[in-house]
Amino acid sequence: MNVVQRFGDTRVTEAFVAAGLGIAILPCYTAGGAYRSEIVLKNLRGVVAERHIFALMRPDRAERLAVRTVVDALRAEADAVVAANIHRNPPRG
């Protein structure tokens, strides 16, 4: 597979696909949008995919309780998702 471009915005990706400039793998709950009539959505099985979520903050704001609480909640949710998926898709090798 030759990956020639990555976009963080699914709308940009969908626009390129709708224009006939490639194919894409997107999360099923975000795909379609404004281009639903111009693109074809197919469910894939056996594809191992991951998502990267970044929390950006200034160092002085990272020390605030509210910010730490949100970041801790994001980490806990990410850990839960990983744990749930490990049970469904055990590592190969």
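A residue counts as exposed when its relative accessible area is over 50%, as buried when that area is under 20%, and as partly exposed in between. Keep this in mind as you work through the exercises on this predicted model.

**Exercise 1. Decide whether Arg11 and Asp9 are exposed, partly exposed or buried, and say how their side chains meet.**

Step 1: Start with Arg11, whose relative accessible area is 59%. The cut-off for exposed is over 50%, so Arg11 is exposed.

Step 2: Turn to Asp9, which has a relative accessible area of 28%. That value lies in the range between buried and exposed, so Asp9 is partly exposed.

Step 3: Now look at the pair together. The side chains of Asp9 and Arg11 form a salt bridge, with 3.1 Å from N to O.

**Exercise 2. Describe the overall layout of the protein: how many helices and strands does it have, and what share of its residues is buried?**

Step 1: Count the elements. There are 3 helices and 0 strands, and along the sequence they follow the pattern α-α-α.

Step 2: Look at burial. Of the 93 residues, 6% are buried.

Step 3: The accessible surface is about 8,600 Å², and carbon and sulfur atoms account for 57% of it.

Step 4: Consider the contacts between residues at least 6 apart in sequence. Of these, 14% join residues at least 24 apart.

**Exercise 3. Work out where confidence is lowest and where it is highest.**

Step 1: Take the whole protein. Its mean pLDDT is 83, and 89% of the residues reach 70 or more.

Step 2: Compare the elements. Helix H3 (residues 65-88) has the lowest confidence, at a mean of 88, while helix H2 (residues 59-62) has the highest, at 92.

Step 3: Finish with a reading tip. Where pLDDT is low, predicted coordinates should not be read in detail.

Conventions: Residues are numbered from 1 along each chain as its sequence is written. This is a predicted model: local features need pLDDT of at least 70, side-chain atom pairs count only at pLDDT 80 or more; totals for chains, interfaces and linings use all residues. Side-chain values use heavy atoms; hydrogens and water are left out. Helices (H or I, at least four residues) and strands (E, at least two) are DSSP runs, numbered from the N terminus. Buried means under 20% relative accessible area, exposed over 50%, partly exposed in between (1.4 Å probe, protein chains only). Contact means heavy atoms within 4.5 Å. Accessible areas come from the Shrake-Rupley method with a 1.4 Å probe; for residues, only the protein chains shown count as cover. pLDDT is the predictor's confidence in each residue, from 0 to 100. A salt bridge is a side-chain nitrogen of Lys or Arg within 4 Å of a carboxyl oxygen of Asp or Glu.
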